[in-house]
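Reader: I'm new to this one. Could you walk me through how to read it, feature by feature?

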Amino acid sequence: YQYIWNIHLPQHCHMFHSILAGNPPWYFGHVYLPPVKATMHHISPSLGNSTSTVVDNIRSHEQMQINLQSGSINNDNGPLFGTLLRITDRRLQDSDGRMILAIQSIDKFRVDALVSSPGNSPYLVCNVEMWPEDELVGEYFDKALMTSASSISSRFYANDVSIKRDSEEEEKEDADKLEVITDPITVFGAARAAAVAESRRCRKFEFLPIFLEEKVRRPSRASSMMESTSSSTKASEGDDGSEGETEYRSIVHLSNFDAFALHSLESASSVTTRALKTYWADLVQRQGMIADKADLHYDDFLDRSDDASSHVKTLYDTTSNQVSKSITPSYSHEAVEMMEYHLWKTLDEMIRLLSMASSTPVPLPSQLLGLLPKRQDWPHGFILEEYANSLNLAGGTIGTFHQSEFVRVDSVTNRDEGKTNSDRDSPRNLLLSSSLPSSTTYSTLRRACRMSYAIWLLLDGLAVTGSQPPPPPRNVILNMSSVGERLNAAKQTLDGINGVLRRMIPKKNKD
């Protein structure tokens, strides 16, 4: 998702000024917190006695600290997740101190602990760890397991760990260290390090930056007459009556891919291998200093030469119950692809039913169509494939003012194993895919993960149908640890919407 945010609260302006004072990329986090409210009674000259509720920030902070320590958020015994956001453009309003920011949601993180406290900081500061979905981590579990033996043994022997110990206690201490390092939870942490490194590698391709563009103002006849009689003209007033406010062009709410950035990506194998080597090196170093398994926390695993690594730190705690439950992914790679396939079929059915109910074509976000997999087994008359092909061949664009080219992920990543005779690529996509280095890869799981988030923008707008089950809240969707689980929830929501539409169509025909 991407937005243009108007920042006016003093504490938020202070936070963003602090972030923007550093070098880009500029990152911050957004976390949904159940509000702790306090009731206030006041007397208004115009309304008389009235009651209102305000958020008690100090009580909210204290409650969040208690929940983090107990491992319970929203009384569901789960961790607290948030969204990593990136600032791609900004404007500062000198007249009233406001800020206009272009924001893109980038990734998912889990909150580890609160660092700030009320009174010491005007905004919330937390330690967080990036948290990819289970299936994305599972892709690298075997690689993490294979690299653990060679990396750890070489470093242990290089540090004379294999030297004959003088006492049984020292030998037992070495054995305990090796047991911690070869623990499956530790290997899972290495796999997660590789998955986060892969996520960062793909970031330039997955998120085309957006920029702020001012609306062109056309002076009215009244304003022209005013200019002739006044030496200065007031700018248009905002909703709150403030003067000097500049309006910016709207943007589409789904981020687009940057097809040309795909060629500049580093090899996935080298990025993930370097992340694993750094992870094991840090772990061995810490094992030389920490004897207690319960005290292990692992530092930033990314390449130290990466300037952006200082912005987001990923910590790994071997004592995390959430980690131990996720060692085996809930869905296999094949199961996720099959769930993705059924979700697209259900979405195609919904488009058909909506067209029958309204007798007009139903538009679908182009960014969503760009995630449609190329397959040979789509059912006969699959409408969405026709939509995607027409956009692909015509070189369609996305957005009204901020236009960018339509990107079908499987076309630009040269994934043509499901291509049919009727599925032809545009000359641009053929050029991009033909010049793509063989080392540049893009996992179909990442495409499915993107779909599992993007689909809810469409489903939220259809919640008024009263279908059952209703769309789950956004924080519940974010808390799902599995791509397959999120796709399945979207399919169930679509099934409910389609059920309502089926009941509407016969009635409409009778009328």
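Reader: Let's start with Pro25: where does it lie?

Author: Pro25 sits in the loop between helix 1 and strand 2. Helices here are DSSP runs of H or I with at least four residues, strands are runs of E with at least two, and both are numbered from the N terminus. Bear in mind that this is a predicted model, where local features need pLDDT of at least 70 and side-chain atom pairs count only at pLDDT 80 or more, while totals for chains, interfaces and linings use all residues. Residues are numbered from 1 along each chain as its sequence is written, and side-chain values use heavy atoms, with hydrogens and water left out.

Reader: What is the peptide bond from Pro24 to Pro25 like, cis or trans?

Author: Here's the general idea: most peptide bonds are trans. The bond from Pro24 to Pro25 is cis, with omega near 5°.

Reader: Now helix 1. Which of its residues are buried?

Author: "Buried" means under 20% relative accessible area, "exposed" means over 50%, and "partly exposed" is in between (1.4 Å probe, protein chains only). In helix 1, residues 10-20, the buried ones are Cys13, Met15, Phe16, Ile19 and Leu20. Looking down the helix axis, you'd find these buried residues within an arc of 160°, so they line one face of helix 1. That arc is taken from the directions from the helix axis to the C-beta atoms. As a rule, an α-helix has 3.6 residues a turn, so residues three or four places apart point the same way.

Reader: And what covers the buried residues of helix 1?

Author: Think in contacts, meaning heavy atoms within 4.5 Å. The cover includes strand 1 (2-7), strand 2 (26-30), strand 5 (81-92) and strand 6 (99-114).

Reader: Where is Val115, and what does it touch?

Author: Val115 is in the loop between strand 6 and strand 7 (126-130). Leaving out residues up to four places away in sequence, Val115 touches Val125, Cys126 and Asn127. Take Asn127: it is twelve residues from Val115 in sequence, with 6.7 Å from C-alpha to C-alpha.

Reader: Is Gly189 buried or exposed?

Author: Gly189 counts as buried because its relative accessibility is 4%. You'll find Gly189 in helix 6 (residues 184-201). Its C-alpha is 8.9 Å from that of Phe141, 48 residues apart along the chain.

Reader: How about Ser270?

Author: Ser270 comes out at 28% relative accessibility, so this residue counts as partly exposed. It belongs to helix 9 (residues 268-287).

Reader: Zooming out, how many helices and strands are there?

Author: The protein has 18 helices and eleven strands. Of its 511 residues, 46% are buried. Among contacts between residues at least 6 apart in sequence, 73% join residues at least 24 apart.

Reader: Last one: which element gives the most to the lining of the second largest pocket?

Author: That's helix 16, with six residues. Strand 1, strand 5, strand 6, helix 7 (203-206), helix 16 (444-460) and helix 17 (474-479) each supply at least two residues of that lining.
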